[in-house]
Amino acid sequence: MLKGNKSALWVGVMVLLLAACGPAATPSPAPEATVPRAQATATPRPTAAPETSGSAQPKYGGVLRTVGPTGSSWDPFISRFQDPQIAMSFIHTKLSVMSLAEKQCTFWPNSPQLGESWSWVNDSTLDLKVRPGVKFQNLPPMNGRELTAADVAYTVNEQWKKKAGIAPSVVLIDRAEAVDKYTARFYLKQPFPLITDKIDGVYFAWIIGPEMFAGGAVQKGEQNIGLGPFMFKSHTPGVKTEFKRNPDFFRTGLPYLDGVEMLVMDDVALQVAALRAGKLDWLYVLTPFLNVELESTMPKLKVADCPGPPSGYALYMLYGKPPFDDIRVRRAISMALDRKGVAEKVMQGKGIVLYSSVFTTYPEALKLEDYPPEVRQWLEYNPQRARQLMAEAGYPDGFRTAMYTQNIQPERNHTETASALLADIGIRADIKMLTATEYNEQIYGGKFQEGIAVARAGSGDVHTNLYDPYHSSAIPARNRARIVDPKLDKMLDEYTMEKDPNRRKELARQIQIYTVDQAYLVFFPREITGAYAMPWVKNLYYRGADVRSQGDYLFRVWLDK
């Protein structure tokens with residue numbers, strides 16, 4: 001019942017938004033926590049005084065309950081979708097992770113994890129020193145053996161072979177090899193000065209031992225034996241996934257929890273109800289109206305209100321196929337999106353307007369007034385001009401097109417919003433809600449062959465968010481619109497190889513202007529997300545909807561009850 005009411009509310013807000021919109025709108029102008037080496041200790045202590053703790057000392061024990069993956073895939077090399085990535089973040093870990101700073105909403109820069117240091121051999125060859133003494137979980141076939149540089153090289157090479165990496169840090173690596181037990185060498189296809197900041201990408205690059213695949217493809221959770229803070233315990237399809245504490249985790253004395261229990265709840269309204277009933281210990285809320293509701297009714301449970309991860313959602317129009325091969329159609333779609341109205345009305349004030357793939361938290365991100373007037377016009381809400389462009393392109397009566405998205409939030413809401421706004425300029429969308437498996441195969445798997453896809457755009461730092469969605473060499477899981485633009489490729493390659501930070505910033509500015517002018521992607525406002533936790537959940541540092549890598553920060557949480 002609650003779910004139905006919320007859907008009606010969303011439609012009602014959209015009706016009000018469209019009714020209120022005129023023919024044209026006037027544009028509106030920590031230090032890192034110290035990470036100890038793995039060694040014996042008598043009394044474990046957190047690295048800094050926890051912000052949310054009411055207890056002087058962390059406590060061991062207890063199981064944290066939250067929502068989590070359905071277990072649609074357990075292969076760490078091919079699990080591109082959010083659902084399996086969550087599970088992988090508990091079992092496995094990476095060379096570096098998003099910031100471990102004890103501050104809410106912090107996701108950058110990276111903190112060292114399995115990698116200790118980098119050194120350049122030449123402009124396109126890089127050595128990595130692997131942290132010594134780190135051991136795999138003490139289960140067969142890994143049996144607690146030590147991590148070596150050979151494991152790092154194996155992981156990187158397998159990622160490239162299976163096209164599993166989502167970031168250009170993998171695409172631009174030719175190969176990797178172990179120089180000695182603790183030194184892995186990376187041979188790049190071209191100079192790439194930024195690679196040391198993001199060799200992991202953001203979600204993938206779990207370091208894997210080859211023994212894990214000795215018996216063939218990894219199909220079950222229990223086959224995942226990694227280096228992460230928790231070990232797989234059990235998985236009941238459609239019900240829950242359980243993880244248990246890894247007693248040999250390389251961070252001394254961690255994790256504090258005995259385990260994590262992740263319940264399968266696709267309906268966000270049910271998730272909120274479970275939190276209210278005390279059946280969940282913590283919850284991140286992506287849906288704006290539920291975030292507003294929780295803020296007003298359960299304010300004491302609020303942990304943080306973060307501006308999302310460094311990415312947004314976009315309309316991916318399949319480039320090179322009619323009608324989206326016509327720049328006038330793409331520009332019309334851009335002008336049909338009332339970005340400010342969506343952020344203020346549909347998202348109830350909990351939205352951040354995005355104009356490009358560079359997230360607003362980065363200094364490289366251009367504001368509306370930074371774009372030249374001849375380009376800025378495509379970012380301004382003007383359905384009347386959009387209809388003129390449609391007529392000039394040969395579509396005076398509009399056209400019908402498929403619109404694909406995953407049947408979860410916030411994707412559903414974004415798709416319904418886009419459909420309503422595009423209808424105003426004659427584009428009639430046949431919305432196709434896909435299951436996680438269907439979405440993974442069609443949108444991420446490169447089978448998207450028609451229409452528009454509503455999907456996340458960008459996944460991390462400025463370079464990744466510029467390169468991945470636009471470069472013709474990027475894998476289909478990232479360049480979902482299949483953009484092939486030699487001029488843009490040249491600009492992105494120059495940006496990738498540039499060593500001077502000031503010149504690189506200028507190139508980022510030029511790329512943003514060019515991609516907006518071409519209207520290759522149309523970006524939605526990014527919803528501000530909330531994190532809520534019961535009073536007994538301590539030391540939780542929420543990083544802004546970084547739900548894919550929960551294991552990277554929940555290992556520091558303890559329960560005070």
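Me: Which residue stands opposite Glu 261 in strand 10?
Reply: Glu 242 stands opposite Glu 261. Bear in mind that this is a predicted model.

Me: How do strand 9 and strand 10 pair, parallel or antiparallel?
Reply: Antiparallel, over 5 bridges.

Me: And strand 1 with strand 10, which sense is that?
Reply: Parallel. Strand 1, residues 63-67, is joined to strand 10 over 5 bridges. Val 63 has Gly 259 of strand 10 as its bridge partner.

Me: What is the strand order in that sheet?
Reply: The order is 1-10-9-8, in an open sheet of 4 strands with mixed pairing. Strand 1 and strand 8 (230-236) are the edge strands, each pairing on one side only. From one strand to the next, the twist averages 20°.

Me: Is strand 10 buried or exposed?
Reply: Buried. 5 of the 5 residues of strand 10 are buried, so the strand is largely enclosed by the rest of the structure.

Me: Which way do the residues of strand 10 point?
Reply: Gly 259, Glu 261 and Leu 263 point one way, while Val 260 and Met 262 point the other way. All of them are buried, Glu 261 included.

Me: How many bridges join strand 5 to strand 7?
Reply: There are 5 bridges between strand 5 (residues 125-130) and strand 7 (residues 183-188), and the two run antiparallel. Within strand 7, Arg 185 is the residue opposite Asp 127.

Me: Where do Pro 141 and Pro 255 sit?
Reply: Pro 141 is in the loop between strand 5 and helix 3. Pro 255 is in the loop between strand 9 (240-245) and strand 10 (259-263).

Me: What is the phi of Asn 143?
Reply: Positive, about 55°, although Asn 143 is not a glycine. Most residues other than glycine have a negative phi. Asn 143 lies in the loop between strand 5 and helix 3. Asn 143 is partly exposed, with a relative accessible area of 49%.

Me: And Gln 348, what is its phi?
Reply: Gln 348 also has a positive phi of about 55° and is not a glycine. Gln 348 is in the loop between helix 8 (339-346) and strand 14 (351-352). Its relative accessible area is 32%, and Gln 348 is partly exposed.

Me: Last topic, helix 14 and helix 15. At what angle do their axes cross?
Reply: Roughly 160°, with the axes of helix 14 (residues 486-497) and helix 15 (residues 501-518) coming within 9 Å. That makes helix 14 roughly antiparallel to helix 15, because angles over 145 degrees count as such. The crossing of the two is left-handed.

Me: Which residues make the contact?
Reply: From helix 14, Lys 487, Leu 488, Met 491, Leu 492, Glu 494 and Tyr 495. From helix 15, Arg 503, Arg 504, Leu 507, Ala 508, Gln 510, Ile 511, Tyr 514 and Thr 515.

Me: How many are nonpolar, polar and charged in the contact of helix 14 with helix 15?
Reply: The contact has 8 nonpolar, 2 polar and 4 charged residues.

Technical notes: Residues numbered from 1 in each chain as written. Predicted model: local features only at pLDDT ≥ 70, side-chain atom pairs only at ≥ 80, totals over all residues. Heavy atoms only, no water. Axes fitted to C-alpha atoms, helices over the stretch in contact; angles between N-to-C directions. Parallel < 35°, antiparallel > 145°, perpendicular 65-115°, else oblique. Left-handed = near helix turned anticlockwise from the far one by under 90°. Contact = heavy atoms within 4.5 Å. Nonpolar A, V, L, I, M, F, W, Y, C, P; charged D, E, K, R; others polar. Pairing = 2+ DSSP bridges. Buried < 20%, exposed > 50% of the residue type's maximum accessible area, 1.4 Å probe, protein only.
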